[in-house]
Amino acid sequence: MEFARTRDILTDCLDENKISYEILSHPEAFAAQRIAQAEYVKGRHHAKVVMVKSGAQHLMVVLPAEHLIDLKKLGMIVGQDISLEREGEFESFFPDCAVGATPAFGNLYGVSTYVDKSLAEEDYIVFKAGTHTEAIKLSYRDY
């Protein structure tokens, strides 16, 4: 499967909306903190994706690499219990992405997205671009 297609979908969307961004290439890395190190960015700038389930609904949560998800707090925000999803439960939603390399744009896949408010305090964020070797950097304001 051609995972670079995800990057193309993302960059097309960003280009159409006249958003400035940078594509960052790095050695293969899987964990968000490792990618942040490879990109020479602090973990608070790397936006990792965590997939959760609320009832029958799949939700994307975007938070800094250095943070852990608070399922209880998110459940209060959503209004019902939340549980972490295993990759096998949601990978079919992102067929053009390498497993575990989902970009922080659930809207491109019809998935509701919740973003940790601490990311809004950053001038820029970096997130996976559908592969384990590429990321996209853009201003949080543009995100």
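**Briefing: ring pairs and an open sheet**

Tyr 143 is partly exposed, with a relative accessible area of 23% (buried is under 20%, exposed over 50%, partly exposed in between; 1.4 Å probe, protein chains only). The model is predicted: local features need pLDDT of at least 70, side-chain atom pairs count only at pLDDT 80 or more, and totals for chains, interfaces and linings use all residues. Residues are numbered from 1 along each chain as its sequence is written, and side-chain values use heavy atoms, with hydrogens and water left out.

**Aromatic pairs**

- Rings of Phe, Tyr and Trp (its six-membered ring) pair if their centres lie within 6.5 Å; planes under 30 degrees apart are stacked, over 60 edge-to-face, the rest tilted.
- That rule gives seven aromatic pairs.
- Phe 93 and Phe 94 pair edge-to-face, at 6.4 Å centre to centre and 80° between the planes.
- Phe 93 is partly exposed at 30%, whereas Phe 94 is buried at 3%.
- Phe 105 and Tyr 143 also pair edge-to-face, at 5.2 Å and 85°.
- Phe 105 is buried, with a relative accessible area of 8%.
- Ring pairs link Phe 90, Phe 93, Phe 94 and Tyr 109 into a cluster.

**Charge over a ring**

- The charged end of Lys 137 sits over the ring of Tyr 124, 4.3 Å from its centre (NZ of Lys or CZ of Arg within 6 Å of the centre and within 35 degrees of the ring normal).

**The sheet**

- Strands are DSSP runs (E, at least two residues), numbered from the N terminus; two strands pair if DSSP finds at least two bridges between them.
- Four strands form an open sheet in the order S4-S2-S3-S5, with mixed pairing.
- Strands S4 (83-84) and S5 (112-115) each have a single partner strand, so one side of each lacks a neighbour in the sheet.
- S2 (residues 47-54) and S4 run antiparallel, joined by two bridges.
- Val 52 has Leu 84 in S4 as its bridge partner.
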